[in-house]
Amino acid sequence: MYTRQRGKRQYHQTTVNGSLVRFLHKRGVRVIPISDSDEQNFGSNYLCIAPYHIVSGNAVSDDFRNRMAQEGVQVEYLELGKLTDGGGCAHCMTQVFLRQP
């Protein structure tokens, strides 16, 4: 993993072969597992719009929907089929484009 010091622009490697889940847990982040099927349907490609409130594509399973509700996550499910056809989903629609003139 790479980090940078506050106010600095350059990143430096701080961990080799580390676990992202362990890294997040150490910082108090709870990871909610999802199925391989929901992963393939872009369930992990969501946009956080507030604490415990996300925007997600609607191609996820009922299990995904129930799990989010059980964990107290409010989800706005949108039809994003055109975006997923291009290999992206809710988070991707907020990314910056770099266009060459």
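Modeller: Cys-92 is partly exposed, at a relative accessible area of 33%. The model is a predicted one.

Colleague: Why is Cys-92 called partly exposed?

Modeller: Buried means under 20% and exposed means over 50%. The 33% of Cys-92 lies in between, so the residue is partly exposed.

Colleague: What makes Cys-89 buried?

Modeller: Its relative accessible area is 0%, and the cut-off for buried is under 20%, so Cys-89 counts as buried.

Colleague: How do you know that Cys-89 is in no disulfide?

Modeller: The nearest cysteine sulfur, in Cys-92, is 7.4 Å away. A disulfide needs the two sulfur atoms within 2.5 Å, so this pair is too far apart for a bond. The structure holds zero disulfides.

Colleague: What makes Arg-30 and Glu-71 a salt bridge?

Modeller: Their side chains meet at 3.1 Å, N to O. The limit is 4 Å, so the pair qualifies. A search of the whole structure finds one salt bridge.

Colleague: Which parts of the chain does the pair link?

Modeller: Distant ones, 41 residues apart: Arg-30 is in the loop between helix 1 (20-26) and helix 2 (36-40), and Glu-71 is in the loop between helix 3 (62-70) and strand 5 (74-78).

Colleague: Which residues form the largest nonpolar core?

Modeller: There are six: Ile-54, Val-60, Phe-64, Met-68, Val-73 and Val-75. Neighbours within four places in sequence aside, Val-75 is in contact with Ile-54, Ser-56 and Met-68. A second, separate core has five residues, among them Leu-47, Leu-80, Cys-89 and Ala-90.

Key
Residues numbered from 1 in each chain as written. Predicted model: local features only at pLDDT ≥ 70, side-chain atom pairs only at ≥ 80, totals over all residues. Heavy atoms only, no water. Core = buried A, V, L, I, M, F, W, Y, C linked by side-chain atoms within 4.5 Å. Buried < 20%, exposed > 50% of the residue type's maximum accessible area, 1.4 Å probe, protein only. Contact = heavy atoms within 4.5 Å. Helix = DSSP H or I, 4+ residues; strand = E, 2+ residues; numbered from the N terminus.
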